[in-house]
Amino acid sequence: MSELTGNRIRTTAGKLGLPHLAEALNQYAQRADEAKMGYLDFLDLVLSEELAVRDDRRFRQGLRLSKLPHHKTLDDYDFSFQPDLDPRKVKDLATLSFVEAKANAALLGPPGVGKTHIAVALAVAACRAGYSIYFTSLDDMVRNLTAAEAAGRLTRKLGTYPRPSVLVVDEVGYQPLERTEANLVFQVISKRYEKGSIILTSNKTFSEWGQVFGDEVFATAILDRLLHHCDVVSINGPSYRLKNRLAAIERDTQVA
C-alpha cells in the first residue's frame with residue numbers, strides 16, 4: 001500500500017467516523033499481507049475490529065453514565081460462601097433473557113450477603129450486551145422525585161427512570177416511606193411495567209412491604225406490577241462484610 005493511498009484511506013475513515021481504522025490501518029495491512037488475505041477477508045477483518053472498538057467504547061460510556069457504585073462481575077462473587085444459594089439461578093439471570101423479555105429480578109436477603117454485588121454484575125452484563133442501565137437506591141430515587149415535585153419538575157424527572165432498559169433499585173426497605181413517597185415509587189413502577197426491566201434488592205420479604213411503603217394498598221399495587229414477570233432469588237446466608245471484618249480483626253490480633 002502506497003503512502004498516498006494510506007493517507008487517502010485515513011482521511012476517508014476520519015470523515016466516516018472510524019478513528020480506529022485511521023490509527024490501525026498499517027497494522028491491518030500487515031496482518032492481511034502475513035495471512036495472504038483476499039479482499040473480502042480483509043474487509044471482514046477491518047469491519048470486525050472497528051465494531052469491537054465501537055462496542056467497547058459504548059460499553060465504557062454506558063458504565064460512566066450508569067451511576068453504578070462499582071463494576072464488579074459474577075466472577076468476583078464467592079458462591080461458596082453462600083451454600084444455600086443455587087448458582088444456577090443467578091447464572092440463568094446472567095443470560096439476560098429476563099431483560100430481553102422486559103421482566104424483573106428481585107434479590108432478597110439480610111444485609112451483607114451480596115445482593116447489590118449480584119445486581120451490579122447483572123447490570124454490567126446487560127451494559128456489555130448493549131442495553132442501557134441506571135442504578136439508584138430507593139432512598140435516592142424518592143429524594144430526587146420529591147425535590148423535583150417541589151420544584152414543579154416532577155413530570156420531567158419521572159421520565160428519567162423509565163428511560164434505561166435496565167433500572168437497578170437498591171436497598172428497598174432500609175427506610176420506611178411516607179404515603180406520598182410510596183405514590184412516587186408506584187408511578188415509576190407503573191411507567192416501567194412491561195416496558196423495561198427492574199433489578200431490585202431488598203432486606204425485607206414481600207409480606208413486609210406494606211410497612212416499607214406505609215400503605216398496604218400501594219404495596220400491593222407495586223408488587224402486582226413487579227412480580228407479574230419476575231425472577232426472585234433469596235439469599236439467606238452469612239454476611240460478607242462481617243466475614244471480612246472478623247478476618248481483619250483476627251489478623252490485627254495475631255500481629256499484636
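At roughly what angle do the axes of helix H2 and helix H3 cross? The legends below take up this question and several others for a predicted model.

**View 1. The crossing of helix H2 and helix H3.** In this predicted model, helix H2, which covers residues 19-35, and helix H3, which covers residues 39-65, have axes that come within 10 Å and cross at roughly 140 degrees. Because angles over 145 degrees would count as roughly antiparallel, this angle makes H2 oblique to H3. The crossing in which H2 passes H3 is right-handed. On the side of H2, the contact is made by Pro19, His20, Leu21, Tyr28, Ala29, Arg31 and Ala32, while H3 brings Phe42, Leu45, Val46, Glu49, Glu50, Val53 and Arg57. Sorted by class, the residues in the contact of H2 with H3 are nine nonpolar, one polar and four charged.

**View 2. Helix H9 beside helix H11.** Helix H9 (residues 179-192) packs with helix H11 (residues 216-227) at an angle of about 20 degrees, and their axes are 10 Å apart. An angle under 35 degrees counts as roughly parallel, which is why H9 is described as roughly parallel to H11. The crossing of these two helices, H9 and H11, is left-handed. H9 makes the contact through Arg179, Ala182, Asn183, Val185, Phe186, Ile189 and Ser190, and H11 makes it through Phe218, Ala221, Ile222, Arg225 and Leu226. In terms of class, the contact of H9 with H11 holds eight nonpolar, two polar and two charged residues.

**View 3. Helix H7 against helix H9.** Helix H9 also packs with helix H7 (residues 138-150), here at an angle of about 100 degrees and with the axes 10 Å apart. Since angles from 65 to 115 degrees count as roughly perpendicular, H7 and H9 are roughly perpendicular to each other. Leu138, Met141, Val142, Leu145, Thr146 and Glu149 of H7 make the contact with Glu181, Leu184, Val185 and Val188 of H9. Seven nonpolar, one polar and two charged residues make up the contact of H7 with H9. Asp139 is also found in helix H7, and Asp139 counts as partly exposed, with a relative accessibility of 36%. Although Asp139 and Asp41 belong to one chain, their C-alpha atoms are separated by 53 Å, and they are 98 residues apart along the chain.

**View 4. The largest nonpolar core.** Which parts of the structure supply the largest nonpolar core? This core has 34 residues, and those with the most contacts inside it are Leu68, Leu85, Ile118, Ile133 and Ile199. At least two residues of the core come from each of H3, helix H4 (87-93), helix H5 (97-100), strand E1 (104-108), helix H6 (115-128), E2 and strand E3 (166-172). H6 provides the largest share of this core, namely nine residues. When residues up to four places away in sequence are not counted, Leu68 touches Leu63, Val120, Ala123, Val124, Ile133 and Phe135. Another core, of 31 residues, lies apart from this one, and Ala106, Met141, Tyr161 and Leu184 are among its members.

View 5. Is Ile133 buried or exposed? Ile133 lies in strand E2, which covers residues 133-137, and Ile133 has a relative accessible area of 7%, so it is buried. If its neighbours within four places in sequence are left aside, Ile133 is in contact with Gly62, Leu63, Ser66, Leu68, Ala123, Ala126, Cys127, Pro164 and Val166. Pro110 is 23 residues from Ile133 along the chain, and the C-alpha atoms of the two are separated by 25 Å.

**View 6. Two residues with a positive phi.** Most residues other than glycine have a negative phi. Lys67, however, is not a glycine and has a positive phi of about 65 degrees. Lys67 is placed in the loop between H3 and H4, and with a relative accessible area of 55% Lys67 is exposed. Glu171, again not a glycine, has a positive phi of about 60 degrees. The place of Glu171 is in strand E3, and Glu171 is partly exposed, with a relative accessible area of 37%.

Conventions
Residues are numbered from 1 along each chain as its sequence is written. This is a predicted model: local features need pLDDT of at least 70, side-chain atom pairs count only at pLDDT 80 or more; totals for chains, interfaces and linings use all residues. Side-chain values use heavy atoms; hydrogens and water are left out. Axes are lines fitted to C-alpha atoms, for helices over the stretch in contact, and angles run from 0 to 180 degrees between N-to-C directions. Helices (H or I, at least four residues) and strands (E, at least two) are DSSP runs, numbered from the N terminus. A crossing is left-handed if the near helix is turned anticlockwise from the far one by less than a right angle, and right-handed if clockwise. Contact means heavy atoms within 4.5 Å. Ala, Val, Leu, Ile, Met, Phe, Trp, Tyr, Cys and Pro count as nonpolar, Asp, Glu, Lys and Arg as charged, and the others, Gly among them, as polar. Buried means under 20% relative accessible area, exposed over 50%, partly exposed in between (1.4 Å probe, protein chains only). A nonpolar core is a set of buried Ala, Val, Leu, Ile, Met, Phe, Trp, Tyr and Cys residues joined through side-chain atoms within 4.5 Å.
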